[in-house]
Amino acid sequence: PTDIRHPDTFHRVVDCQWACPAHTPVPEYIRLIASGRYADAYMVNWRSNVFPGILGRTCDRPCEPACRRGRVEENNDAHLEQSQPGENKPEPVAICRLKRVAADFKGDVSARMPKPATEKNGKRVACIGAGPSSLTVARDLAPLGYHVTVFEADPKAGGFMRTQVPRFRLPEAVIDEETGYILDLGVEFIGNRRIESMKDLLAQGYDAVFVGTGAPRGRDLDIPGRQEAAAQIHVGLDWLANVYFG
């Protein structure tokens, strides 16, 4: 019997789902999209990977190289052995782009999102940084009654999703929408607040602290000519952040 509590189930029977770091049920949401049920497909994704509209535009899609369609059809179609150079061959399902399709055509799903907890459990959790990891923690804990406070050095939530992806690739409206679903769960967001001292934060009596600061510094390269041309060289992450906030 299929027991999805054990990840090896996905390894054995659903290669694309196993390859996905979030183990998103890929076949399920693709079937829903094929049936025109975009909102249902979006919610399947939202439960697994939190930001379907963002991932549908930016994910590096490890699921697609694992997709069985390419290799199964290639093995079954004998004519491919005689195919000419440049002739179309089977390709994996465009899983990532289908995720975007579900996000773009879902309509209004706000009523399907969890509601803020009506009763708090008395526990306070601080999340440092408002990137995808901290926002995921907030999404999972807020409906359970935890009071979650998210601190962010930038004025808006999103972290690298907002500051390091060019707008032509990821429109800001998509980021606002998907981070908004989480903040609307009763999460307290404090922007323009950089946490400089963990000791001071711990002294504020939080029951737990989640550090989701990511890696906000680019990597410099010590190569010939680097110092001589320093005025014309910019570290990528710093440059993108300046483009957004500059």
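## Packing of helix 4 and helix 8

In this predicted model, Tyr 38, Ala 41, Tyr 42, Asn 45 and Asn 49 of helix 4 are in contact with Lys 99, Val 101, Ala 102, Ala 103 and Phe 105 of helix 8. Sorted by class, the residues through which helix 4 and helix 8 meet are seven nonpolar, two polar and one charged.

Two packed helices are described by the angle between their axes together with the distance separating those axes. For helix 4 (residues 38-49) and helix 8 (residues 95-105), the packing angle is about 115° and the axes lie 8 Å apart, while the crossing of helix 4 and helix 8 is left-handed.

Four strands form an open sheet in the order 3-2-1-4, and their pairing is parallel. From one strand to the next, the twist averages 20°.

Strand 1 (residues 124-128) pairs with strand 2 (residues 147-151) in the parallel sense, over five bridges. Within this pairing, Ile 128 has Phe 151 of strand 2 as its bridge partner.

## A helix across the sheet

Helix 9 (residues 132-141) lies across strand 1, strand 2 and strand 4, and the direction of helix 9 runs at about 160° to strand 1.

Note on methods:
Residues numbered from 1 in each chain as written. Predicted model: local features only at pLDDT ≥ 70, side-chain atom pairs only at ≥ 80, totals over all residues. Heavy atoms only, no water. Axes fitted to C-alpha atoms, helices over the stretch in contact; angles between N-to-C directions. Helix = DSSP H or I, 4+ residues; strand = E, 2+ residues; numbered from the N terminus. Left-handed = near helix turned anticlockwise from the far one by under 90°. Contact = heavy atoms within 4.5 Å. Nonpolar A, V, L, I, M, F, W, Y, C, P; charged D, E, K, R; others polar. Pairing = 2+ DSSP bridges.
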